[in-house]
Amino acid sequence: MRDPDAVVVRRAWVHCPRCTDHTSCQSCEAGHCCERHWRFLLESEGRYLFLQCPRCRYRWWHDTRFGVGGRLVGMADLPGFPPDEAQVA
Ligand SMILES: [Zn+2]
Ligand SMILES: [Zn+2]
């Protein structure tokens, strides 16, 4: 049996560009799947993931830089797309 909510609320280990709560966390530094610092994976489109930080509620598109496709459909309709993605290194 599968919880229907699990389809929508998946987890992804991507650093939040707003609260950067992963800093000074040994588990995150080591690249592990940290139990505390994960994000909701709300949607995925090609190589992009639409994430929400459970801590600060920030939502953004994350470019995974791998995968096929890469064409985003309806991306402009979603809030939280960072205009200054270049700053997130
Ligand atoms: Zn955050
Ligand atoms: Zn962590």
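Two strands pair if DSSP finds at least two bridges between them, and strands (E, at least two residues) and helices (H or I, at least four) are DSSP runs, numbered from the N terminus. Keep that handy for the exercises below.

You're working with a predicted model, where local features need pLDDT of at least 70 and side-chain atom pairs count only at pLDDT 80 or more, while totals for chains, interfaces and linings use all residues. Residues are numbered from 1 along each chain as its sequence is written, chains are lettered from A and ligands numbered from 1 in the order in which they are written, and side-chain values use heavy atoms, leaving out hydrogens and water.

**Exercise: strand 3 and its partners**

Find how many bridges join strand 3 to strand 2 and to strand 4, then decide whether the residues of strand 3 are buried or exposed.

Solution. Take strand 2 (residues 39-45) to begin with: five bridges connect it to strand 3, antiparallel. Glutamate 43 faces phenylalanine 50 across this pairing, and glutamate 45 has tyrosine 48 as its bridge partner. Two residues separate strand 2 and strand 3 in their hairpin, and glycine 46 in that turn has a positive phi of about 65 degrees.

Now go to the other side. Strand 4 also runs antiparallel to strand 3, joined by five bridges, and here tyrosine 48 stands opposite aspartate 63.

Last, burial (under 20% relative accessible area is buried, over 50% exposed, in between partly exposed; 1.4 Å probe, protein chains only). Five of the five residues of strand 3 are buried, so the strand is largely enclosed by the rest of the structure. Tyr48, Phe50 and Gln52 point one way, Leu49 and Leu51 the other.

**Exercise: two zinc sites**

Name the protein donors of each zinc ion and say what geometry each site has.

Solution. Donors are N, O and S atoms within 2.8 Å of the metal (3.2 Å for Na, K and Ca); water is not among the atoms, so sites may look incomplete. For the zinc ion (ligand 1), you'll find the SG atoms of Cys16, Cys19, Cys53 and Cys56 at 2.3 to 2.4 Å. The angles among those four donor atoms are 105 to 118 degrees, so the site is tetrahedral (four donors, all angles between 85 and 135 degrees). The sequence spacing is C-x2-C-x33-C-x2-C. Cysteine 19 sits in the loop between strand 1 (10-12) and helix 2 (26-29), and cysteine 56 in the loop between strand 3 (48-52) and strand 4 (59-63), so the pair ties together parts 37 residues apart in sequence. Cysteine 19 is partly exposed at 24%, as is cysteine 56 at 22%, but cysteine 16 is buried at 1%.

Cysteine 28 (10%) is buried, and so is cysteine 34 (4%).

Locate threonine 20 and arginine 57, and give the phi of each.

Solution. Recall that most residues other than glycine have a negative phi. Threonine 20, in the loop between strand 1 and helix 2, has a positive phi of about 40 degrees and is partly exposed at 33%. Arginine 57 has a positive phi near 70 degrees. You'll find arginine 57 in the hairpin of strand 3 and strand 4, which has six residues between the strands, and it is exposed at 54%.

Definitions and conventions:
Tetrahedral: all angles 85-135°; square planar, octahedral: opposite > 155°, others 65-115°.
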